[in-house]
Amino acid sequence: MRSTIHEVDTNMQFNRKSAKGTAILGLFVAFLAFAMTQGAIAESAKDNAAEPNADAINELSKAFGSRAEEITESPLTDFFMVELQNGAIVYSTADGKFAFHGDLYGWTDEKVVNLTQVQKNQTLLRMFSSLPETSTVNFTPEESDVGPSVVYVFTDVDCGYCRLLHEHMAEYHANDIEIRYLAYPRAGIGSRAYNRLVSAWCANDPQVVLEKVKKGDTVAADEYKVDSECSKPVEEHYELGQRIGITGTPTLVLPNGKVVPGFRPATELVTLFDT
């Protein structure tokens, strides 16, 4: 009798363990099926994500003072990143009914990064990298092992810090930095500064004449010849500076797209290239 009772108890324990194992297995299978279903739903939602309504977003962008230049996906769910023609970045819903303007921060390489500013820098860098070398007046190091770091500089002729920057050209070259000047007459198109910058951009030797006008020296008439083609970059540079909000000279655009106002010595510039 005892043996029979023991066998019954053993069988009951086994059955309880078996039932428990079956239940756990069932829960695992159910969870796995749920996870797979959710993944499929997410992929489906991604594949069927709403396309941005460019016309509506453009209309909404007028509230920010400019039209949309480019509309792309953003790190923010349900929002698109809209780069405006004036250089600003806004975030808009696909239907263009809601948008906000401001800096978006996120984690990158285990640190908090201003993602909006990173995008602005990259956009600006592409913009400047696309400029023809012939449209800028360039001062390039004579020797460079791997190619110099290019720094774009908005410059004027009646600017003390612009002169100071130019006086340090040898130091920039010693640190393997190439300076590419863009004309930015702060007094505007048609001003005396504009005409003197045009004389440099239309000169037989632009580097020599630009150095002269920066010092305030007189440029001989036979040193340059003005035509619509050679003066066009001066107007384009001024318009570009206005578009991206340049308010003073010199203003530097570094190889990483960062905009730095004012004169900076070469050793300081090098430290800013990777920040």
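Where is Pro-250 found? Pro-250 sits in the loop between α8 and β10. This is a predicted model: local features need pLDDT of at least 70, side-chain atom pairs count only at pLDDT 80 or more, and totals for chains, interfaces and linings use all residues. Residues are numbered from 1 along each chain as its sequence is written, and side-chain values use heavy atoms, with hydrogens and water left out.

**The chain as a whole**
- The protein chain has nine helices and 11 strands. Helices (H or I, at least four residues) and strands (E, at least two) are DSSP runs, numbered from the N terminus.
- Of the 275 residues in the protein chain, 37% are buried. Buried means under 20% relative accessible area, exposed means over 50%, and partly exposed lies in between (1.4 Å probe, protein chains only).
- The accessible surface of the protein chain is about 16,500 Å², and 54% of this belongs to carbon and sulfur atoms. Such areas come from the Shrake-Rupley method with a 1.4 Å probe; for residues, only the protein chains shown count as cover.
- Among contacts between residues at least 6 apart in sequence, 59% join residues at least 24 apart. A contact means heavy atoms within 4.5 Å.

**Confidence**
- The mean pLDDT of the protein chain is 84, and 82% of its residues reach 70 or more. pLDDT is the predictor's confidence in each residue, from 0 to 100.
- Residues 1-17 stay under 50 in pLDDT, and the model gives them zero contacts beyond four places in sequence.
- Residues 21-48 are also below 50 in pLDDT, with zero contacts in the model beyond near neighbours in sequence.
- Where pLDDT is low, the predicted coordinates should not be read in detail.

**Helix α4**
- Helix α4 spans residues 160-167, and Cys-162, Leu-165 and His-166 are buried in it.
- Seen down the axis of α4, the buried residues fall within an arc of 95°, so they line one face of the helix. The arc is that of the directions from the helix axis to the C-beta atoms.
- Tyr-161 and Glu-167 are exposed, on the face of α4 turned away from its buried side.
- Cover for the buried residues of α4 includes strands β7 (137-139), β8 (149-155), β9 (177-183) and β10 (251-253), along with helices α5 (169-174) and α7 (206-215).

**Surface patch**
- Tyr-105, Trp-107 and Val-112 make a nonpolar surface patch of about 420 Å². Patches are made of residues with over 30% relative accessible area and no salt bridge; like charges are joined within 9 Å, nonpolar side chains (Val, Leu, Ile, Met, Phe, Trp, Tyr) within 5 Å. A salt bridge is a side-chain nitrogen of Lys or Arg within 4 Å of a carboxyl oxygen of Asp or Glu.
- Val-112 belongs to strand β6 (residues 111-114). Val-112 counts as exposed because its relative accessibility is 53%.

**Backbone points**
- Most residues other than glycine have a negative phi, and most peptide bonds are trans.
- A cis peptide bond joins Thr-249 and Pro-250, with omega about -5°.
- Asp-78 has a positive phi near 70°. Asp-78 lies in the loop between β1 (68-73) and β2 (80-84), and counts as exposed at 63% relative accessibility.
- Glu-110 is not a glycine, yet has a positive phi of about 60°. Glu-110 is in the loop between β5 (105-108) and β6, and its 78% relative accessibility makes it exposed.

**Ser-228**
- Ser-228 is in helix α8 (residues 228-243), and is exposed at 55% relative accessibility.
- Ser-228 and Cys-202 are 26 residues apart along the chain, and their C-alpha atoms are separated by 9.5 Å.
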